[in-house]
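Here is a friendly walk through one protein model. Please keep the viewer open as you read.

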Amino acid sequence: MKRQRRRILCGLLAALCLLPASGAAAKTSTVTSFQPMSAKKYGVPVSSIRRHEGDFSLRWGGLDLSRDIAFDIKNKDFQNGTFLMWVYSTNATKLDFTVTLLSDNPETGETDGYRAGFWNYWIGWRQLKWESGSDDFTVIGDPLGYDKVTKIVLSAAPGERSTVGTELYLDSLMFRQK
């Protein structure tokens, strides 16, 4: 009898541990993934050697750092969620990079959006995370909103665009809605 109760209690505890903490699972969607045709579209090579989630990654390094990588976005709502991107760094060169979500307001006459940054202080794979609507992003100008983002731009800091020895591999960019 005690064994049977113990089994039932253990089963209940195990089932409770498997339930999501928030009561509902977060929905994760791919913003962009990289394929062989991506090299032409983004102006940087595609690699199948270093990849984390997808079949390919973008290799962004050396003189290619002078190029911004821009992803056109259509019909995505980036409110209340987290941007996730796996990045592989071959050297910990501590260079500054930015991720800009363009949400241009035609009334301002300037480029509007949200900007977050990172610097590559590691070697190997690392998952970068930015929360929309949080201090992770700096507001630029007067953007229309996270639900009106039309482009995502990855850039190396202006003074560091031609640094030799920096090579990043970018895996697919994801967004997890809360």
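Predicted model: local features only at pLDDT ≥ 70, side-chain atom pairs only at ≥ 80, totals over all residues.

In it, five strands form an open sheet with antiparallel pairing, in the order β4-β10-β6-β7-β9. Its edge strands, β4 (69-72) and β9 (138-140), each pair on one side only. On average, and with direction ignored, neighbouring strands of the sheet are turned by 20 degrees against each other.

Strands β7 (residues 113-119) and β9 run antiparallel and are joined by three bridges. If you look at Tyr114, you will find its bridge partner in β9 to be Val139.

## Around Thr100

Strand β6 (residues 96-102) holds Thr100. Thr100 has a relative accessible area of 5%, so it counts as buried, the cut-off being under 20%. Its side chain makes a polar contact of 3.1 Å with the side chain of Arg115. Leaving out residues up to four places away in sequence, Thr100 touches Tyr114, Arg115, Ile140, Lys151, Ile152 and Val153.

## Aromatic pairs

The whole structure contains 13 aromatic pairs. One of them is the tilted pair of Trp60 and Phe97, with 5.4 Å centre to centre and 55 degrees between the planes. Trp60 sits in strand β3 (residues 57-61) and Phe97 in strand β6, 37 residues apart. Both Trp60 and Phe97 are buried.

Phe78 and Phe175 pair edge-to-face, at 5.1 Å centre to centre and 75 degrees between the planes. Phe78 lies in the loop between β4 and β5 (81-89) and Phe175 in strand β11 (residues 167-177), so this pair ties together parts that are 97 residues apart in sequence. Phe78 and Phe175 are both buried. Ring pairs also link them with Phe83, Tyr114, Phe137 and Tyr146 into a cluster.

Methods
Residues numbered from 1 in each chain as written. Heavy atoms only, no water. Helix = DSSP H or I, 4+ residues; strand = E, 2+ residues; numbered from the N terminus. Buried < 20%, exposed > 50% of the residue type's maximum accessible area, 1.4 Å probe, protein only. Polar contact = N/O pair within 3.5 Å; in protein donor to acceptor, adjacent residues only side chain to side chain. Contact = heavy atoms within 4.5 Å. Pairing = 2+ DSSP bridges. Axes fitted to C-alpha atoms, helices over the stretch in contact; angles between N-to-C directions. Phe/Tyr/Trp six-rings, centres within 6.5 Å; stacked < 30°, edge-to-face > 60°.
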